[in-house]
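Here is a short report on a predicted model. The sequence and structure come first.

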Amino acid sequence: MAPDTAPELCWFEQVGLHDVALVGGKCASLGELRRAGVRVPPGFAVTTRAHARFMSEAGVGDDVHRLLAGLRHDDLERLEAVSDAIRAMIESAAFCAETEDAIAEHYRRLSNRCRASAVSVAVRSSATAEDLAGASFAGQHDTYLGICGTADLVRHVRRCMASLFTARAISYRIRRGVSHRDVGISVGVQQLVAASAAGVMFTVNAADGDRSVIELDASLGLGESVVSGKVTPDHFVVNKVTLDILARTIARKPTSITVDRSTRRCVEAAVAVEHQAAPSLLDGEIVELCRIARAIERHYGCAMDIEWAIDRELPAGDRIFIVQARPETVWNGRRTAARAMDGGALEVIVQTLITGHKVLTR
Amino acid sequence: MKFPVPHQVSTAAIPGTEGWERMYPYHYQFVTDEPTRQQYERDGFWFYDGLHYPEPLYPFDTFWDEVCSLSLSQYNNRIFQMPPVRGIDRRIINGYVYLSPVAVTDPEEVKRRVPTFLDRAGHYYRNWDALEARWKTKIEATIAQLEAIQIRALPDLEDRRVVIEAVGESTGYHLLKSYDDVIDLGVRCWQYHFEFLNLGYAAYVSFVEFMQRVFPSIPLQHVTQMISGIDVIMYRPDAELKQLARRALELGVDRTICCSPEWSEVEPALREQPEGQVWLAALAEVRHPWFYISTGTGWYHHDRCWNDAMNVPLAGIQGYIGQLRNGLDIERPLAQLRAERDRITAEYRGLIDGAEDHRQFDALLACARTVFPYVENHLFYVEHWFHSVFWNKLREVAAVLKTHGVIHDVEDVWYLRRDEIKQALWDVVTAWAAGVPPRGGHTWPAEIEWRKGVMEKFRAWRPPAALGTPPEVINEPFTIMLWGITSRSLAAWARLSEAADPASVTSLEGCAGSPGVASGRARVCRTGDDIRLLQAGEILVAPTISPSWAPVFPRIGACVTDVGGVMSHAAIVCREYGVPAVVGTGHATRVIRTGAMLRVDGSSGAIEIGS
C-alpha cells in the first residue's frame with residue numbers, strides 16, 4: 001500500500017512486512033503473522049497517514065519542530081522539558097472528526113468480532129524505525145493495556161503518538177542523525193488477551209547462538225511483567241527439532257498482572273502462596289508454543305523474538321496467542337563460532353582428536 | 001571428587017583370598033615394591049571396566065583382556081599413531097579390571113605425531129569399504145582355521161598309520177600344538193578386532209564434536225540418531241528367529257514348536273512330522289553362523305552361544321510365534337527409524353549457515369555412516385562367532401585334562417591361567433608318554449577348589465567405580481563414547497557410592513541412550529537366564545546388554561544399564577529397536593529391585609524409582 005493512497009486505519013490482516021512505512025514495524029509484523037496463519041489477537045492499525053494528518057491538521061507539527069530545533073542529545077534537562085511540552089501539546093489536541101469516527105467504527109467492529117460490547121484492548125505504538133532487524137528500538141515507545149471504550153481509546157492512541165517524542169526517543173534520533181520529520185508513528189489496537197500466562201520466546205540461544213534451541217521465558221498473567229523485567233520468569237530450553245524440553249528453571253512468582261474480568265482493567269495482584277513456585281506452563285503448552293515458534297521462524301527465515309500469551313478460560317485449541325514477533329537482533333547475520341576447524345573430514349578428525357572433548361563431557 | 005588410592009584397595013585383601021594375585025598375569029598387579037611404578041599408578045586415573053566385566057575375571061578368561069590390551073594400544077600407538085593418546089593401561093584388583101588411558105602430554109609430541117596419523121589413517125578412511133571387505137576375508141579364514149583344529153584324546157597306542165606313513169609325530173605333540181594353535185588364533189583374531197575400530201570411533205566422535213560445536217545444546221542422542229537405521233549383521237540372528245517363527249506358522253508346526261520350553265523335547269517332536277523336518281532343515285541352514293551369537297557378551301566362558309543353549313533361541317521363536325498369532329507386527333521399526341533419522345538430519349542441516357559448514361557436515365556425516373557398520377559388525381565375528389567356537393575348543397582340551405585326572409570337571413579349566421594349562425598339558429603328555437600318573441592330578445584340584453572360593457568372595461566384593469586421581473576433564477573419546485565415563489557421570493557415581501542405603505535412593509542419572517519415556521515395573525537381569533523372566537511392559541535393568549537379548553526388545557518398556565556410553569552396544573541396539581534407554585547409571589542393578597516402579601526418560605537420562 002502506498003502511503004498517499006493508503007487508508008488512515010486498516011486491519012492487521014490487510015498489511016504485511018512491506019507495509020512498515022504505513023503501519024510501523026509492530027503492526028506490519030502482526031499482519032504478516034496473521035497472513036502466515038498464526039493465531040494473533042485481532043486488531044487494527046491507526047496508520048502513519050492518520051498520524052501525519054493529525055499532526056498537520058491539529059496544527060501541532062510546526063510548533064513541535066520549532067521546539068526541537070537546536071536541541072542536543074546530551075542536554076538531558078532541556079530534552080525532558082521539550083519532551084513534556086510536545087507531548088502535552090499532542091495529547092490535548094483533537095483528531096479531526098473523520099479520523100475519530102474511523103477509530104470508533106473500527107473499535108466497534110473489533111468489539112463485535114470479540115463478542116464484547118466494548119472490548120478491552122492493548123494500545124501500542126508501532127514506529128517505522130522500530131522492530132527492524134539490526135535496529136532495535138524496542139521499548140522506546142509506549143504501551144497501554146486494558147483500554148476500554150472509544151473515548152479512552154482515542155485518548156491513548158494520541159498518547160502513543162506522543163510517545164514518538166519521549167526524551168529518550170528524541171535523544172536517540174539526534175544521536176543517530178535521524179530527522180524528526182522523517183519518522184512516522186502508527187498505533188496498534190489489539191484485543192487484550194486475558195492471559196493466564198505469558199512471556200517471550202527466542203528461537204536461538206541468546207548466549208551462544210545455538211540455532212537448535214528455543215528459549216522460553218514465562219510468568220503468570222500478562223507478559224508485561226516479563227518484558228519489563230518486573231518478575232524473574234520461569235525459563236525453559238526446548239530442542240527445536242524434536243520439541244523435547246531440555247531444561248527448566250522454575251522461579252518464584254510473587255505477583256502477576258492480570259485482567260480483571262469484571263472491570264476489564266489490568267491489575268497487579270499477589271499470587272497465592274501455593275502457586276508461586278509452580279511452573280507457569282504445562283509441558284503440552286510449552287511444546288505447542290514452540291511448534292508455533294518454529295513455524296514463525298520458518299516463515300521469516302531467521303531467528304525470531306516472539307511474545308505470546310495463553311488464556312486458559314478459552315476452549316482448548318483456542319488458548320494460545322502470538323502478540324508480537326520480530327527478527328532476533330543479536331545473532332541474525334552473525335556467524336556462530338561453529339566452524340573453528342578447516343579442511344575435509346580427515347583434518348577435522350585429527351583436530352578433534354587433538355583438541356580434546358570438553359564439550360562432550362557436559 | 002575423590003576416589004580411593006589404588007594401593008590402599010589392592011593391598012587390603014579380602015580375608016581368605018591372600019595370594020589371589022597368582023591367578024592373574026604378574027604385570028596386572030598394582031605394585032608397592034617399585035617406587036616409580038607405584039607413583040605412576042597413584043597419579044593415574046583408573047576406572048573399573050564394568051562394560052566388559054560385570055563380574056570378576058576367571059584366570060583363563062583374562063586371556064581376552066591381554067589380547068585386547070595388545071591390539072587396542074598397538075593400533076593407537078604403534079600402527080596409526082593417534083596424536084593425543086597412546087593406549088590404555090590395565091590392572092586387576094580382586095578379579096576386576098581397571099583401565100587407564102595413557103595420554104601424550106607434550107603438545108609438541110602430539111604435533112609430531114600428526115603427519116604419520118594423517119598418512120596412515122587417511123589410507124584407511126579413503127579405502128574403507130575395500131579394506132573392510134578384505135578384513136571380512138581375513139576374519140572368516142581365521143574362524144575357519146579355528147573350527148578345523150582337532151583336539152584328540154591321547155591313545156594307549158598310536159595308530160599303526162603313524163609308523164607305516166612315517167609320520168614322526170605323536171598325538172601328545174599334536175595336543176600341545178593344537179592348544180598353541182587355538183591360543184594363537186585367539187591372539188590373531190584380536191589383532192584384527194581393532195584394525196578399524198579406533199578409526200571408526202574417531203570418525204564418529206568427530207561428527208559428534210562438530211555437531212556440538214555448531215549446536216552447543218544438541219542432545220548427543222540426536223547426533224547418534226543421524227547414524228542409525230543402517231543395516232548391520234549384528235541384528236541378523238534376531239531377524240532369523242522372526243523368519244523361523246513365520247516359517248513355523250506357514251508349515252503349521254507352530255504348536256509343536258511351542259509344546260515345551262526344552263529344545264530336547266521339541267526337536268524329536270518335530271522330527272516325527274514331515275513339515276517338522278522341513279522346518280528343521282530351514283533351521284539347520286541358519287545355525288551356522290547366526291546361532292553362534294552368544295547369550296552373553298562373549299567375554300566370559302559361561303556366555304554360551306545359541307547353538308549350545310538352544311532353549312534360548314527356542315524361547316525367542318516361541319515369543320515371536322505368539323506375537324504373530326495375535327496379529328502383532330514383529331519387525332523392528334526400521335522404516336520409522338529411518339524416516340525420523342532423515343527428518344532430524346535434514347532439520348539440523350537446515351539450521352546450519354553457509355556452504356562451507358554444509359560441506360563439512362556432509363563429509364563428516366558420510367564418514368561416520370561409512371564407519372558405523374564395522375563398529376557393530378566386528379562384535380558378531382569376534383566376540384560372538386569366534387569366541388563361541390574358541391570356548392568349545394578349550395572345553396575339548398579340558399576334557400583331555402579331565403581324562404588324565406588333572407581337573408575333576410571340564411568347567412574347572414577356567415580357573416587356570418592359559419600358561420598353567422600349557423604346563424598341565426606338558427605334565428599330562430609326558431606322563432602319558434612315560435606311562436606314569438601326572439603330578440597335576442594331586443596339585444591342581446586343590447588349587448582349583450581354593451580359587452573357586454576366592455572367586456566367590458570376589459563376586460561379593462563391590463569394586464570402586466574409579467581409583468586414583470581423575471583428570472580435570474575426561475577427554476579421551478573412547479572412554480566417553482564407549483564407557484560413558486564423563487566428569488559428570490563420575491561425580492554422580494562418587495555421590496552414589498557414598499549413599500549408605502541403596503533402598504533410600506529414589507532417582508538415578510545416566511547417559512541418555514535411546515529417546516523416549518516409559519514407566520513400568522523393574523526386572524533386574526544379571527544374566528541371560530534371567531531375561532526369560534521378563535514380562536511384557538517391564539523395564540529391563542542389567543549390568544549391560546547382550547545383542548542376543550534382542551528377541552525380548554519388542555516386549556519391554558525400556559532399558560537401564562550400569563555401564564555404557566551413547567556408543568555402547570546397549571545404547572545402539574535400543575535406538576535400533578526404538579526402545580527408550582538410560583545407560584551408564586553406575587549403580588542401577590544395585591539400587592533398583594525387581595518389581596520397583598520406574599519412570600525412565602531415555603531423552604534426558606533421568607530415572608525415577610518408586611516402590
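Residues are numbered from 1 along each chain as its sequence is written, and chains are lettered from A, ligands numbered from 1, in the order written. The model is predicted: local features need pLDDT of at least 70, side-chain atom pairs count only at pLDDT 80 or more, and totals for chains, interfaces and linings use all residues.

The model scores ipTM 0.79 and pTM 0.81. Chain B averages a pLDDT of 91 (the predictor's confidence in each residue, from 0 to 100).

Chain A has eleven helices and 13 strands (DSSP runs: H or I of at least four residues for helices, E of at least two for strands, numbered from the N terminus). An open sheet in chain A takes the strand order β9-β8-β7-β6-β12-β13, with antiparallel pairing (strands pair if DSSP finds at least two bridges between them). Its edge strands, β9 and β13 of chain A, each pair on one side only. Seven bridges join β12(A) to β13(A). One bridge partner of Met304(A) is Pro327(A) in β13(A).

Helix α10 of chain A packs on this sheet (contact: C-beta atoms, placed from the backbone, within 7 Å). Strands that α10(A) touches are listed here, with residue ranges.

| Strand | Residues |
|---|---|
| β6(A) | 197-202 |
| β7(A) | 213-220 |
| β8(A) | 234-239 |

In chain B, helix α16 covers residues 355-403. Just after α16(B), Gly405(B) takes a positive phi of about 75°.

Notes:
Expected span 1.5 Å × (residues − 1). Contact = placed C-beta atoms within 7 Å. Axes fitted to C-alpha atoms, helices over the stretch in contact; angles between N-to-C directions.
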